[in-house]
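Please take me around this structure in the viewer. Tell me what to select at each stop and what I will find there.

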Amino acid sequence: MQYFNVMDYEAPAQARMNAAHWDYYAGGSGDEITLHANRAIFDHIRLRPRMLVDVTTCDTSTSVLGSPVSMPILVAPTAQHGFAHPEGECETARGVGQAGTLLTASSVSSRRLEDVAAAASGPLWFQLYVFDDNTITVDVVQRAEQAGYKAIVLTVDVPRFGNRERDLRNAFHLPVSANFDVPDVTKLKPSLTWRDLAWLKSLTSLPILVKGVLTGEDTILALEHGADGIVVSNHGGRQLDGAITSLEALPEVVEASSGRCEVYFDGGIRRGTDVIKALALGAHAVLVGRPVLWGLAVNGQEGVRHVLELLRNELELAMALCGAPTLKQITPTLIRR
Ligand SMILES: Cc1cc2nc3c(=O)[nH]c(=O)nc-3n(C[C@H](O)[C@H](O)[C@H](O)COP(=O)(O)O)c2cc1C
Ligand SMILES: O=C(O)C(=O)c1ccccc1
């Protein structure tokens with residue numbers, strides 16, 4: 001089997017995995033309208049390439065909140081990598097490190113955050129879910145800081161767990177996280193508000209990104225409450241079905257941020273040309289969720305590395321064909337109005 005693009009990993013990953021675990025990874029909420037729209041929207045955005053620019057070398061390297069990475073393509077937090085590989089997030093971390101980029105480790109993982117850090121060779125961010133018991137948050141944030149994670153990514157689009165009908169049909173329940181002793185990880189704190197961001201900031205000196213913002217209004221609130229970065233995301237179509245796609249939301253978030261913080265993007269990235277479109281609309285970098293899990297399931301760290309390397313090579317080619325040999329040259333003029 002040869003893998004020419006990241007989609008080539010999807011069916012082989014499904015074939016290797018338990019069916020209920022596959023559905024958990026693949027699925028969205030409700031009618032999966034937002035899940036599908038996240039992909040479809042990219043087809044409606046067309047590029048305006050420029051010609052006769054010297055593209056002998058196209059440089060994909062950048063830095064994210066100060067950490068150098070080989071490409072503006074990071075790994076999104078996804079729960080329970082143990083469904084895809086016995087070594088779970090430790091194996092993912094090895095592959096991500098080989099690709100020279102950054103892993104956002106989920107709160108809800110098969111391996112402890114300290115073990116993931118020990119396996120990593122590149123920078124890490126820690127994704128935070130807040131549960132009712134504040135002592136869990138205090139403990140996990142301090143441990144992440146201690147273990148060398150470079151930022152906290154607070155996910156704000158799960159006041160309640162989305163309606164994942166595939167999981168209901170499969171009678172699938174998430175196992176406990178290796179990180180903390182919470183019996184039901186889907187019972188997040190529904191009373192969480194912007195004011196808790198200030199409390200979170202008091203717990204750590206790490207920068208805090210807010211993940212799951214889809215409006216200019218919330219971008220302004222996030223910045224007012226001390227956010228150091230935004231991740232535009234609809235949670236891969238797994239929370240509010242019918243929510244706006246991340247790509248549609250991106251311009252208003254970028255505008256509302258008015259250059260005060262780095263704006264990140266996730267949802268539906270499967271091609272280098274998807275990356276260039278998100279960057280042209282103002283994303284500093286993108287995060288990739290499911291394709292990394294496919295690579296992990298098919299071929300462990302090597303699969304993770306290859307999925308990321310495929311995207312990097314496609315981005316590099318797209319830069320050349322757009323006449324944008326540096327990331328700085330990827331601007332809104334690349335997008336048809
Ligand atoms: C199986 C799975 C588990 C996820 N778990 C988390 C999580 O623990 N925390 C979080 O903030 N987002 C989680 N997400 C959302 C991803 O971070 C990301 O927003 C989304 O997957 C991006 O879309 P993509 O899969 O199309 O690239 C999860 C997504 C998937 C598919
Ligand atoms: O499955 C998810 O998308 C997810 O983000 C999540 C939320 C709470 C617990 C475990 C995973």
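What radius of gyration would a compact globule with 337 residues have, and what does the chain have? A compact globule would be near 20 Å, and the chain has 19 Å, which agrees. (The radius is taken over C-alpha atoms; the globule rule is 2.2 Å times the number of residues to the power 0.38.)

This is a predicted model: local features need pLDDT of at least 70, side-chain atom pairs count only at pLDDT 80 or more, and totals for chains, interfaces and linings use all residues. Residues are numbered from 1 along each chain as its sequence is written, while chains are lettered from A and ligands numbered from 1 in the order in which they are written.

**Whole chain.** Show the cartoon. You have 12 helices and 10 strands. These are DSSP runs numbered from the N terminus: helices are H or I with at least four residues, strands E with at least two.

**Ligand 1.** Select ligand 1. It is surrounded by 23 residues, the closest being Ala-76, Ser-106, Thr-155, Gly-236 and Gly-289. (A residue counts if its C-beta atom, placed from the backbone, lies within 6 Å.) The shell has eight nonpolar, 11 polar and four charged residues. Ala, Val, Leu, Ile, Met, Phe, Trp, Tyr, Cys and Pro count as nonpolar, Asp, Glu, Lys and Arg as charged, and the others, Gly among them, as polar.
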